[in-house]
Each structure stands twice: as structure tokens, then as C-alpha cells.
Amino acid sequence: MVANNRNVKIHVANLKKDFGNLKVLQDISTDIYEGEVVCIIGPSGSGKSTFLRCLNRLETITSGEVVVDGYHIDDKKININKVRENIGMVFQHFNLFANMNVLQNLMLAPVDLKKATREEAKAEAMRLLDKVGLTDKAESYPSQLSGGQKQRVAIARALAMKPDIMLFDEPTSALDPEMVGEVLAVMKELASEGMTMVCVTHEMGFAREVADRVIFIDEGVILEQGTPEEVFKNPQHPRTIDFLRKVL
């Protein structure tokens, strides 16, 4: 999907994040537009996941600014939980509630936070399970699911809050190879529907096929960004060239 009238959904300016003396993010600036799919690639330990977690204040930023839908998320006066209701996040590990079945996992937040009735939440949960191909697992518990099924449930649970931004932190990295495709298929469908998505991923084929823009981060710095065609077929920075030579 192309960006919709260049409406900025996420504005990042001069973002820095330190953990003690360790400088994890160094002066990152970028805008992410409505309907845009941005894939973030780079070596392990380069700051990719930290960058993603700064976008919804799971990590507090050291300096700079992150503005999501007009909200400065480092402003202590804003209700960050209200902002997060519009930002779905899917992690490497599924974080499903083990003591709840799939349907209960999906219904919990809409009922608790958005005051949906149980009937409304159940109907929406079943719609989303159909979307990710898991209606037959509604009464199953997480322990009864494969890794790929758990991750698809985690995506459905994030979508249950009707977010307009989805953040994915290496959602396939904990999966067996044969389960990766089923999760990527759901993500591709979301992208085709115009969801604004920021994906930290090591799935280069997915980034090449689905992304509007690819950002290469190394040592906490954006070294290169562009269309998949530009980054994968004609990388400019020596570090990008070296990285892609190793992973493609």
C-alpha cells in the first residue's frame, strides 16, 4: 500500500536511547506514513527492537521525540494507555494468557478497556479468528496450539482493539521454519488492507515483497533506507552491502 496523502502516523526526531553507558539508539529520525509498511532490518543487537519499543513507550526515550497520531508519547501528562489502544504490538514470544482459552484471550482487552459488551467482543473475536484461519481453535488453550497458531492468535488479539498501527517485533523468529509462512500470510493480508505497519524482521523475502520502505539499522543508527528495490538490489552503504551478502 502507498502512503495515504502523506499523513504522518509516527514522527521520530533525534531519538536517542541509552542503557547506562551503552548508547543503543543514536539520533534516529524518520517519519512513518498512514498505510505504509516499513520493515526494519539489521544485525542482532543493532537496536531494532529497542527502536520499536520506543514507539509505544515500552522503553522510555533518553532524548529526542516520538509523536504518534499527534501525541508526544514521552509527555508524562498524556495517558499512554489510551494512546496504546490504537497501537497493536506483536512480540517474538506470544504472551498469551495460559489460563484462558483463545476466545477469552481475544475478548479480555475489548471488554476491560473499550467497554465492549461480551456479545460484541465475542462476535469480533470470532471474526478475527476467521481472518487468521483459527475459528476451530476458539475453545483451545495456548498449550494446545503450535507456535504458528499461537502467533496468529497473538495477531488477532492485537487486532481486537481495532488499532490503526501495528508493530511487529520479529514475529517469526521463535517459530519452526514450516510455521513461518502461515504467520507471514496474515501479515501480508493486513498490509494489503492498508494497515500502517512497522516490522522488525529477519525475513528478507517478506521485506522485499511487502514493504513500501526498508530501513537498515546498525549500531543504533539508520545507515540506509529506501524501497525494497533500492535497498536489496542496489545498496549504497558498505555495511548494508556486507549485511545483505551474509543473509541473502
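Predicted model: local features only at pLDDT ≥ 70, side-chain atom pairs only at ≥ 80, totals over all residues.

Reader: How many residues line the largest pocket, and which lie nearest its centre?
Author: The lining has 22 residues, and Arg 84, Ile 87, Met 89, Ala 109 and Met 161 are the ones nearest the centre.

Reader: What's the lining like by class?
Author: There are 14 nonpolar residues in the lining of the largest pocket, plus five polar and three charged.

Reader: Switching topic to helix packing. At what angle do α3 and α5 pack?
Author: About 25°, and their axes are 8 Å apart. Angles under 35 degrees count as roughly parallel, so that is the word for α3 and α5. Their crossing is right-handed.

Reader: Which residues make that contact?
Author: From α3 you have Val 102, Asn 105 and Leu 106, and from α5 Val 153, Ala 156 and Arg 157. Four of the residues in this contact of α3 with α5 are nonpolar, one is polar and one is charged.

Reader: What about α3 and α4, how do their axes cross?
Author: Helix α4 covers residues 118-131, and its axis crosses that of α3 at roughly 125°, coming within 9 Å. The two helices are therefore oblique to each other. α3 passes α4 in a right-handed crossing.

Reader: Who's touching whom there?
Author: On the α3 side, the contact uses Val 102, Leu 103, Leu 106, Met 107, Pro 110 and Val 111. On the α4 side, it includes Arg 118, Lys 122, Met 126 and Leu 129. By class, the contact of α3 with α4 has 11 nonpolar residues, two charged and no polar.

Reader: Last pair: are α5 and α6 roughly parallel or oblique?
Author: Roughly parallel, because they pack at an angle of about 20°. Helix α6 spans residues 177-192, and the axes of α5 and α6 are 8 Å apart. Their crossing is right-handed.

Reader: And which residues of α6 make the contact with α5?
Author: Met 179, Glu 182, Val 183, Val 186, Met 187 and Leu 190. Facing them from α5 are residues including Gly 148, Arg 152, Ile 155 and Leu 159. The contact of α5 with α6 has seven nonpolar, four polar and two charged residues.

Technical notes
Residues numbered from 1 in each chain as written. Heavy atoms only, no water. 1 Å grid on protein atoms, 1.4 Å probe; cavity = no way out; pocket = protein on both sides within 12 Å on 5 of 7 lines; lining within 4 Å. Nonpolar A, V, L, I, M, F, W, Y, C, P; charged D, E, K, R; others polar. Axes fitted to C-alpha atoms, helices over the stretch in contact; angles between N-to-C directions. Helix = DSSP H or I, 4+ residues; strand = E, 2+ residues; numbered from the N terminus. Parallel < 35°, antiparallel > 145°, perpendicular 65-115°, else oblique. Left-handed = near helix turned anticlockwise from the far one by under 90°. Contact = heavy atoms within 4.5 Å.
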